[in-house]
Amino acid sequence: MVCRRKSLFPLAVVSALVLSCSDDSGSGASVEVPASSASGEVTVPYVGGSPVVVTEIDPVNISFKDHEGGDAGWVEFFNPAETPVNLSGLYLTDDLSQPRKWAFGNVPVPAQGFMVLYLSGKDLPDYEAPHDSTDLIGPGCWKWTDAQSEPVAGESRADNLPGKSKVCFTENGSRAFGSRMQFGENEELGWTSIAVFVGTGSSSKDDVVDISAANEILLTGYVTAGRKLAFRLAQPDVDDWLGWEAVIEGTGDSNTTYAIGLPQGTRLPDLQNIYGTRFSPESNEMKEVDMKVTSFIARNRGHEPHANFKLHHKGGSLYLMNENGAIVDSIAYPAMPVGKTWSFGVSPEGAATYGFADPSPYGGAFMSVVYSERSPAITDKLPPSGFYKEPFTVAFDADAHVRCVQGGALPDGNAPEAQSLTVSSTTVLRCASFVPGMYPGDVETRTYVFEEQPTIASVFITANPLSLFDPDTGLYMDGPDAQEKIPHYGANYWSDRELPVTVELFEPGVNSPAFAKDAGFQIFGNYSRANDKKSVAIVFREKYGDNRLKYPLFPAFPQLTTFKGFILRVGNFGQDYIHDDLASSLSEGLGVDYQRSRPAIVFYNGEYYGIQNIRERSNRYYFETHYGYDPDEIDLLKADNSVSSGESSDYVELLDWLESHPLDSDENYRYVATKIDVDNFINYQQTEIYANNRDWPSNNLKKWRVRNPATPWRWFLYDMDFGFGNDMSEYTNNIFEFAAAEDGPDWPNGPKSTFLFRKLLENKSFTNKFVNRMSTLLATNFEKTRVLARIEAMMGEISAEVARDQKRWGHSAKWMEQVLDDMKYFAESRESEILFDMQEFFALGEFVPVTLAASGSGRVLVEGLPLDRPAVKVTLFKGTPVIVSAEGVNGGVFTGWSDGVTDVTRTIMPEEVDALTANFK
């Protein structure tokens, strides 16, 4: 038998890779391979002769994206021959009862080269090479910063690179561009801006290129290590600062190529009409950022082949089959540690073998050191995290070579081995098995707190203490670049850097973790970052373990069971504990989206950090949790219509249409009602108005829709700390005048932010509905005894924990009690203030109390808003007609109104009715 395969790789490697050789006639040895399957015992011949071999398998892919941005598992094939091969005619399966489960199409593998196959379920049998490349560096370049603003100038800068006279320049015969940029805060100006603009042509809006055939941008060059650079694609119909945005994090290496996927089939970006790209530091990046870009192209990435099935995460086998149903190659792989692959390489002893390695598709890991076995798990050797009173001892098997580190840092092979440990005081322990010659076992994290368990939920955060609290580099700290003036821009906590942590939740009265997960950790919020206690975001990603938390995080809402992440929110530090949560949760039952919440005591590496609120995040994943929507189909916009997720074009087009279409026309109003959920908008506006939020509507406003299939726009309540009696705002005028101001300042109520409300008020039926629904809410959701009861319940839940938190952070108990009293006074007086403000703003008649009731199995609706009690006294207005409806519940049938009218829906004049009852049987 003559083996005809040759390779430039070492002979030992080739010998290990060449699993079988055929003779000149092509008839190789045949081995019968039995395998069990769902359909019973299957016997399959093994004949060998594969033109390629599997060199790497990644069933839990966390880094290598496909052409659509997906991260399915993948397998790498190597062609050891000196000539190319094509895999057409071969099949791949993970089930020998289905030998032709997936067929290769046109998949060429270069000589002594590699090919990656995704196992995603997409079924793309062919390999498509990259194509349609377009150079995005044109001759037209400019820069602008807020330092050029008039009459008030800012302090941001965008300097030319040393030795360069312009943003764009020629270097080594090719176009390039770059700048040294840094945001500078100016309190008088109140905003920051940097724009380094690189045109695809002249930088004119009329000089566009069509890159609609592209699905990827490749940016090659230097970006300061660890700093974030944002760029926005500019299209003629959108302000360049509102263009589609991508953010990259610098490596500090000039040879780095950053790959950014482009959305397809959208109007933002409009890839048929791109006239340039706007670069700046990412919005929260206050440190200096250098960029020097030597290549900036759009291209169609093409795609690897995709099989029609997926890899098993917990281990499995793959079989390469010929057209006769015989095995030409196969490989088995075990369960993978997160972030590792099963790869061909060299053992620590120098033998060619398969083992655990870092993922590196297309041959990067070939011949690297691999470990074919893992050290044993030690999960059952350590008691669970929790609250302890008595000392205890932990023992480990000597042959497990367990190494432990106290304090939060991760153990490595240099940590001392431990065979027994005694724990007698609060201790954070991280341990793993490090058997020589094996890949280390999973790190086990435990926090043992020696004190009484709190009366509310507890959250343990465990992290390397240096990554959080090192004076120079710790994410929680000021660091060397913090500005002296509050909020200390440039401080480490203004970075959006994400740290790996372990997070554990304890339900009150249960002294074992409800869950313990590895996750990502970021400082969260805006000015609150400068507080001694900071709000933080916890996010679950595949690279840490699970990409979702599956747990009913909020006991009051047991139907919410899957979360991409959550926040540990501080709120008004030193003021109160419930402000925002109270204000937004008053909308419960109104169909307005808001962040569910619950209080908890947080510990960092075993240290008490006091009361914070576990809260949902108001990002695209919220809609997956609540409605089951695909997060990638969510359009989520901020107050200024910039994009948090998806695109803004549909909403912006509606606003443009409204500019030239008056809504006193019922036809026009009906069209708007197809584009937005009018009732949802009213409930949202009225919650903000009731709360007297004066950090709105130019800020802290979000709206959303599902893009496909399209749904009407709806609104999202969040960050209402300026409301509910908070005295941080200088604005105290009539709240309706404030919300509908035509000439307010850009913040907090500029004309762009009040435009939609003002336009809708042009329609009389909308205005009547708005007035009557607000009156109804003042008697239901916003009724003072309910609001006061809500305040008492929320404070009662945390009452046993407040004193310790106040002592820990040096808060004034007397002051915080005064803030709470102010909130209660607000609740007691708000109804009358709203009614008088509404009466004044809308020029309404005198107050008319009307009792609306339901008798039997039914309810009354006012302007479509259901009453939530059998009888409600609503303060209405003389001369303002009110639409009321009767609706049966639990099989109830409407029989008529108490005044003899039998119409289900009717219009009443408040001054003509003292009381009205809908009867049901």
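**Close-up views of a predicted model**

**View 1. Helices α7 and α13 pack at an angle of about 120 degrees, with their axes 10 Å apart.** From α7, the contact takes Ile-689, Tyr-690 and Ala-691. From α13, it takes Phe-826, Ala-827, Arg-830 and Ile-834. Contact means heavy atoms within 4.5 Å. By class, the residues of this contact are six nonpolar, no polar and one charged. Nonpolar covers Ala, Val, Leu, Ile, Met, Phe, Trp, Tyr, Cys and Pro; charged covers Asp, Glu, Lys and Arg; the others, Gly among them, count as polar. Axes are lines fitted to C-alpha atoms, for helices over the stretch in contact, and angles run from 0 to 180 degrees between N-to-C directions. Helices (H or I, at least four residues) and strands (E, at least two) are DSSP runs, numbered from the N terminus.

This is a predicted model: local features need pLDDT of at least 70, side-chain atom pairs count only at pLDDT 80 or more, and totals for chains, interfaces and linings use all residues. Residues are numbered from 1 along each chain as its sequence is written, and side-chain values use heavy atoms, with hydrogens and water left out.

**View 2. Helix α7 (residues 678-691) also meets helix α11 (residues 764-778), with axes that come within 10 Å and cross at roughly 55 degrees.** The two helices are therefore oblique to each other. Angles under 35 degrees count as roughly parallel, over 145 as roughly antiparallel, 65 to 115 as roughly perpendicular and the rest as oblique. The crossing of α7 and α11 is right-handed. A crossing is right-handed if the near helix is turned clockwise from the far one by less than a right angle, and left-handed if anticlockwise. On the α7 side, the contact residues are Val-678, Asp-679, Phe-681, Ile-682, Asn-683, Gln-685, Gln-686, Ile-689 and Tyr-690. On the α11 side, they are Phe-766, Lys-769, Phe-770, Arg-773, Met-774, Leu-777 and Leu-778. The contact of α7 with α11 holds 10 nonpolar, three polar and three charged residues.

**View 3. Helix α5 (residues 649-659) packs with helix α10 (residues 751-760) at an angle of about 55 degrees, with axes 11 Å apart.** α5 and α10 are therefore oblique to each other. Their crossing is left-handed. Tyr-651, Leu-655, Leu-658 and Glu-659 of α5 meet Phe-755, Leu-756 and Lys-759 of α10. This contact of α5 with α10 has five nonpolar, no polar and two charged residues.

**View 4. The largest nonpolar core has 153 residues.** Phe-521 and Phe-724 have the most contacts inside this core. Helix α13 (residues 813-842) gives the most to the core, with 10 residues. A nonpolar core is a set of buried Ala, Val, Leu, Ile, Met, Phe, Trp, Tyr and Cys residues joined through side-chain atoms within 4.5 Å. Buried means under 20% relative accessible area, exposed over 50%, partly exposed in between (1.4 Å probe, protein chains only). Not counting residues up to four places away in sequence, Phe-521 touches residues including Ile-461, Leu-468, Arg-497, Glu-498, Val-536 and Tyr-604. Another core, of 34 residues, lies apart from the largest one; Met-115, Ala-307, Tyr-333 and Phe-356 are among its members.

**View 5. Thr-625 is found in helix α4 (residues 621-627).** At 13% relative accessibility, Thr-625 counts as buried. Leaving aside neighbours within four places in sequence, Thr-625 is in contact with Leu-560, Thr-562, Phe-563 and Glu-616. Thr-625 and Gln-685 are 60 residues apart in sequence and 24 Å apart in space, C-alpha to C-alpha.

View 6. Pro-151 lies in the loop between β11 (141-145) and β12 (157-159). Pro-748 is found in helix α9 (residues 746-749).

**View 7. Ser-203 and Asp-719 have a positive phi although neither is a glycine.** Most residues other than glycine have a negative phi. Phi is about 80 degrees at Ser-203, in the loop between β15 (194-199) and β16 (216-223). Ser-203 is buried, with a relative accessible area of 18%. Phi is about 50 degrees at Asp-719, in the loop between β46 (714-717) and α8 (735-739). Asp-719 is partly exposed, with a relative accessible area of 24%.
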